[in-house]
Amino acid sequence: MRKLQWKIIMLFFVSGALTLFILFIAQQIMRLIGREYWKEPWVDSLFRAERLLVSFFGFPIIPTIVGIVLFICIVLLLSQGSIRQINLLMEGTRRLAKGELDQEILVRSNDELGQMAVQINQMAKQLKLSLVEERMAVQSKNELISNVSHDLRTPLTSIIGYLRLVHEDRYKDEVELRYYTDIAYDKSLRLGGLVNDLFEFTRLGYSPISRVEINLIELLAQLAVDFSLTGQHEGIEVVFTPSTEKIIISSDGDKLMRTFENLLSNALRHGREAGRVDLNVSRDAKQARVQVINYGPPIPQQAIPHLFERFYRADESRTDQTGGSGLGLAIVKAIVDAHHGTIQVFSTTERTMFEVCLPLQPPEN
């Protein structure tokens with residue numbers, strides 16, 4: 001229902017009724033004046049002039065003009081509320097055009113003007129949110145470029161430096177030459193790993209999740225065997241403890257494999273001294289729960305909220321040999337989010353646990 005249209009109709013109807021009522025009252029007053037002062041010359045002249053005008057124009061011109069002016073005045077008076085609302089809308093859209101998005105349009109009405117004000121306020125909020133997100137995206141992009149440049153430059157500088165020594169024959173013997181090339185090779189491997197991690201992280205934002213039904217128990221059992229073999233020479237054992245023989249989830253197996261590879265790699269790296277990493281898996285009615293536990297040094301509590309940020313390292317003093325690219329946990333978080341799951345970190349002096357919860361079935365769109 002068009003409430004504003006009916007308000008306009010009622011405005012003109014009420015204005016017309018008030019005009020007729022006022023003219024009727026004025027007519028009665030004129031008649032009383034005529035009866036009371038009919039012998040006065042000015043009253044006789046007034047009525048004679050009115051009769052001449054009526055005979056000339058064919059209708060009462062003076063009451064008509066008075067009625068039109070009175071009707072316009074009443075319409076303007078009664079429409080002040082709507083005019084004020086329209087002015088507020090115009091002022092609000094003018095501020096919106098200037099980029100002033102903080103002030104709301106204070107139009108309290110249940111007609112189309114009020115609905116328009118609500119929609120404009122919502123549009124301003126959405127636009128403000130979009131601008132904030134855009135600024136955050138630009139800031140994030142700049143931070144990403146800065147971090148990537150820094151992390152790429154460090155190993156690249158070392159590679160160039162050692163290869164320059166080789167190129168300029170600045171080595172004593174074959175042993176020192178081999179030493180320089182080995183360092184350059186190790187740095188190039190780190191550089192390649194960083195580029196691969198960066199490519200994987202950026203690709204996650206564009207590649208869709210290819211969901212198939214997989215047995216999570218089998219996937220984790222295979223990883224536990226692989227990492228146990230890898231950690232044997234360092235005396236580290238991966239203890240796999242499933243609560244059941246089968247947990248079927250709908251997910252992307254390759255991406256989940258990458259997720260738990262990163263978590264187990266971190267656990268082995270930081271749990272060397274304990275010689276053991278626990279991999280537990282269980283389920284409830286709606287989700288599967290995977291826990292990767294190491295018994296190494298605790299993560300500082302102030303660092304836990306930032307662990308999944310790009311290029312963040314809990315220990316800034318970590319070297320290339322002890323620390324990763326700073327993208328591993330960011331990749332893990334991106335994959336878990338893409339599966340509509342959650343990941344949490346709990347760290348004490350006794351143990352550090354990464355817990356991943358994944359829905360058994362994908363959410364309905």
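Ala, Val, Leu, Ile, Met, Phe, Trp, Tyr, Cys and Pro are counted here as nonpolar, Asp, Glu, Lys and Arg as charged, and the others, Gly among them, as polar. On this basis, the residues lining the largest cavity of the predicted model divide into four nonpolar, three polar and two charged. The lining consists of Gly 92, Arg 95, Leu 96, Glu 100, Gln 103, Ile 105, Ile 120, Asn 121 and Ala 124. Two elements, helix H4 (80-97) and helix H5 (112-167), each give two or more residues to this lining. The volume of the largest cavity is about 60 Å³, and the count of cavities of 30 Å³ or more comes to one.

Nonpolar packing was examined next. In soluble globular proteins, nonpolar side chains tend to be buried together. The largest nonpolar core in the model has 39 residues, of which Leu 216, Leu 220, Ile 249, Phe 260, Leu 263 and Phe 354 touch the most other members. Both helices and strands give two or more residues to this core: the helices are H7 (216-231), H8 (253-270) and H9 (328-338), and the strands are E4 (276-283), E5 (287-294), E6 (342-347) and E7 (352-359). When neighbours within four places in sequence are left aside, Leu 220 is in contact with Phe 240, Phe 260, Leu 279, Val 281 and Val 290.

Aromatic pairs were then considered. A pair of aromatic rings is described by the distance of the centres and the angle of the planes. The structure holds three such pairs. In one of them, Phe 12 and Phe 71 lie 6.0 Å apart, centre to centre, with 35° between the planes, and the pair is tilted. This pair links distant parts of the chain, as Phe 12 belongs to helix H1 (residues 3-36) and Phe 71 to helix H3 (residues 61-78), 59 residues apart. Phe 12 has a relative accessibility of 43% and therefore counts as partly exposed. Phe 71, with a relative accessible area of 24%, is partly exposed.

The rings of Tyr 179 and Tyr 180 have centres 6.0 Å apart and planes at 50°, so this pair is tilted. Tyr 179 is partly exposed, at a relative accessible area of 48%, whereas Tyr 180 is buried, at 11%. Ring pairs link Tyr 179 and Tyr 180 with Tyr 162 into a cluster.

Technical notes
Residues are numbered from 1 along each chain as its sequence is written. This is a predicted model: local features need pLDDT of at least 70, side-chain atom pairs count only at pLDDT 80 or more; totals for chains, interfaces and linings use all residues. Side-chain values use heavy atoms; hydrogens and water are left out. On a 1 Å grid over the protein atoms alone, a cavity is a set of points where a 1.4 Å probe fits but cannot get out, and a pocket is an open set with protein on both sides within 12 Å along at least five of seven lines; lining residues have an atom within 4 Å of a point. Grid points are joined across faces, edges and corners, and a volume is the space filled by probe spheres set on the points. Helices (H or I, at least four residues) and strands (E, at least two) are DSSP runs, numbered from the N terminus. A nonpolar core is a set of buried Ala, Val, Leu, Ile, Met, Phe, Trp, Tyr and Cys residues joined through side-chain atoms within 4.5 Å. Buried means under 20% relative accessible area, exposed over 50%, partly exposed in between (1.4 Å probe, protein chains only). Contact means heavy atoms within 4.5 Å. Rings of Phe, Tyr and Trp (its six-membered ring) pair if their centres lie within 6.5 Å; planes under 30 degrees apart count as stacked, over 60 as edge-to-face and the rest as tilted.
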